Amino acid sequence: MRFALCVLLVASVARATETQTLPTGTFSLDVSYLSSSLDKQWSGDRKAISLIDDSPRYEPGAGLQGILRARPRAELSIALLQILYGVTDWLTVGLYVPIVLQAKVTTNLSWQPGDYQSSVGRVYSFDDFWAWAASLGQPRVPDQWTGNQGKLSDLVLGGRVLLPRVGFMEKSHFRWAGTLSVALPTGTNFDPEAAVSVGTNLWELNATGDVETHLAADQPLFLDDDGVARVNLGADVFGSFFYPQRYVAGTGKVNPLLDNIAPYVGSTYTVNPGSWLGASFNLEVSPIIGPSRASIVSGGDAAKARALPALLTLSAGITHVRTAQTYWHSESPTWDWDHEKYWQPGDKTTVRVGVTVSFLRLGVPLQLYANYRTQSLVPGRYTRAADVFAVGARTVLKFW
C-alpha cells in the first residue's frame, strides 16, 4: 500500500477577463492565498472512490489477516505571487511563484478483520496487525502527516499577446488573446521512503501544465458611455502538456512492508503524464460600476478614470478538461498497470464562482478578490476531484 499521494490540487491563478493585458510600462503585483482539499477520485464509471486501493494483508501460510483501508484527505495551503509587466499595450509577460505553506494528509486508516488465526486464537485486530508489522520492522502509519512548509513549487513564466482586431471586432469591443506559459522544474517529488508524503511539482499539484497554451476571447455587453461593461462573456480553449517525471523507487529502509518496491520496479521509474485539452466559459456581471475620480491611477485624466473596471464584479464559470492516458515505465509491467488503470483517458469539470472589488476608479490602485472552485459537483472519469478556495489582492504600479 502506498500513501505517497500524487495530490492533484488545482491551484489555478486568479483571473479577471480572459484577454486582459496591462498598459505599456505597468506592473501588476498579485498575492493570493489558496486552500485546497482532495479526498476522492472518479472511477471509470464516474463513481467517487478512495484515492488509495484497499490492501489485503496475509499471514504466511495462515490465510488473510485482514484488509487495511485508507480514505486519505489531502489539504494544502499555498501562497501564490504573480508579477506581471506590460511590455506594450498588447504584450504582457509574467512570473508566477507558487509556495506551499503547508501540506497535510489525514490517512483515515481502518481495518477489516480477515480469517481466524490459530497463532493468536482469534482474527487479527487492527492493533494485532500493527504488532505483527512491527515485528518485521514496519512502523505504524501516522494518522496525520504534515510537511512541505515553505517549499517552492515549479516557477512559471508566461506571456499574453492581445491579437489584432478588425471590422466587427472593433465595433463590438470583442477582444481575443493568445497565452503561453512554461514551467521551470523548481518543485520537489514526494519522499519515496516515507509512508505518507506529498510533492510540490506541478504534476503532483495539478495546478497547470508544464507547457500550456490558451486562445481566449472576451465579449463585453451592455457598455455604458465610458466603455465599462455591465456583462462580459469569456471563452478559452487550451492545451496542457507535462514533462516526463522521474522518481526514485522506495527501498523499504524506513517502511519495509509499504515502500519496498525497488527490487521489482528498479531503482528509478518514469511517469509520462497525459496531456490535457480543455475549454472554459465565464460570465462576469458588474452590478455596481461606482463613482470615479481623476487620480494617479488614471494619470489625472477624468475620462480614463471613468473607463476603469467596475467597483464590484461577480463571476461564474465552468471548465471541462479531457485528459489523456498517463503511463508508468518501470521494470515491472504489472506494477505499471496497477497505477495506469486509474489514469486512463478521462475528464473533469470545474465549476467556479468569484467576486472582485476594484478601487481603481476611486484612485486607489488595489483590487480584492475571492473565488471558489470545485471538481466535486460534476462527476468526472479517471481524474481526481479537488476543491479550492482563494482570496487575494492585486495592485498596479508604474515607475516610468
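Let's start with R165 and E170. Their side chains meet in a salt bridge, 3.7 Å from N to O. This is a predicted model, so take that distance as computed from predicted coordinates, against a cut-off of 4 Å. How exposed are the two ends? R165 is partly exposed, at 26% relative accessible area. E170 is partly exposed as well, with 42%.

Some salt bridges share partners. One network of that kind joins D39, K40, R73, E75 and K104.

How many salt bridges does the count come to? Twelve. In general terms, side chains of opposite charge can pair when their charged atoms come close.

Here is another of them. D30 bridges to R394, and the closest N and O atoms sit 3.1 Å apart. Where along the chain are these two? D30 is in strand 2, residues 26-42, and R394 is in strand 25, residues 384-398. They are 364 residues apart, so the pair links distant parts of the chain. Is D30 buried or exposed? Buried, because its relative accessibility is 4%, and the limit for buried is under 20%. R394 counts as buried too, at 10%.

Next, R69 and D54. Their side chains form a salt bridge at 2.8 Å, N to O. R69 lies in strand 5, residues 64-70. D54 lies in the loop between strand 3 (48-49) and strand 4 (55-58). The two are 15 residues apart, and the pair is again a link between distant parts of the chain. R69 has 21% relative accessibility, so R69 counts as partly exposed; buried would need under 20%. D54 is partly exposed, with 34%.

One more point on charge. The protein has 33 positive and 34 negative charges.

Now the rings. Searching the whole structure gives 14 aromatic pairs. Take F129 and W132. Their ring centres are 5.9 Å apart and their planes meet at 35°, so the pair is tilted. Why are they about one helical turn apart? Because they are three residues apart in helix 1, residues 126-135. F129 is buried, at 3% relative accessibility. W132 is buried, at 16%.

Compare that with Y269 and W335. This aromatic pair is edge-to-face. The centres are 4.9 Å apart, with 70° between the planes. Y269 sits in strand 19, residues 268-272, while W335 sits in helix 6, residues 333-340. They are 66 residues apart, and the pair links distant parts of the chain. Y269 counts as buried, with 6% relative accessibility. W335 is buried, with 9%.

Back to F129 and W132 for a moment. Both belong to a cluster linked by ring pairs. Its members are W111, F126, F129, W130 and W132.

At 16% relative accessibility, G354 counts as buried. What does G354 touch, leaving out residues up to four places away in sequence? The answer is T313, L314, S315, A370 and N371. For a distance check, take F389. F389 is 35 residues from G354 along the chain, and their C-alpha atoms are separated by 9.7 Å.

Let me zoom out to the whole protein. The secondary structure comes to six helices and 25 strands. The C-alpha atoms fill a box of roughly 85 × 40 × 35 Å along the principal axes. Of the 400 residues, 48% are buried. The accessible surface is about 18000 Å². Carbon and sulfur atoms account for 62% of that surface.

Last number, on contacts. D30 with R394, at 364 residues apart, is one link across the chain to look at on screen. Y269 with W335, at 66, is another.

Conventions:
Residues are numbered from 1 along each chain as its sequence is written. This is a predicted model: local features need pLDDT of at least 70, side-chain atom pairs count only at pLDDT 80 or more; totals for chains, interfaces and linings use all residues. Side-chain values use heavy atoms; hydrogens and water are left out. Buried means under 20% relative accessible area, exposed over 50%, partly exposed in between (1.4 Å probe, protein chains only). Contact means heavy atoms within 4.5 Å. Helices (H or I, at least four residues) and strands (E, at least two) are DSSP runs, numbered from the N terminus. Accessible areas come from the Shrake-Rupley method with a 1.4 Å probe; for residues, only the protein chains shown count as cover. Lys and Arg count as positive and Asp and Glu as negative; His and the chain ends are not counted. The place of a charge is taken as NZ of Lys, CZ of Arg, CG of Asp or CD of Glu. Rings of Phe, Tyr and Trp (its six-membered ring) pair if their centres lie within 6.5 Å; planes under 30 degrees apart count as stacked, over 60 as edge-to-face and the rest as tilted.
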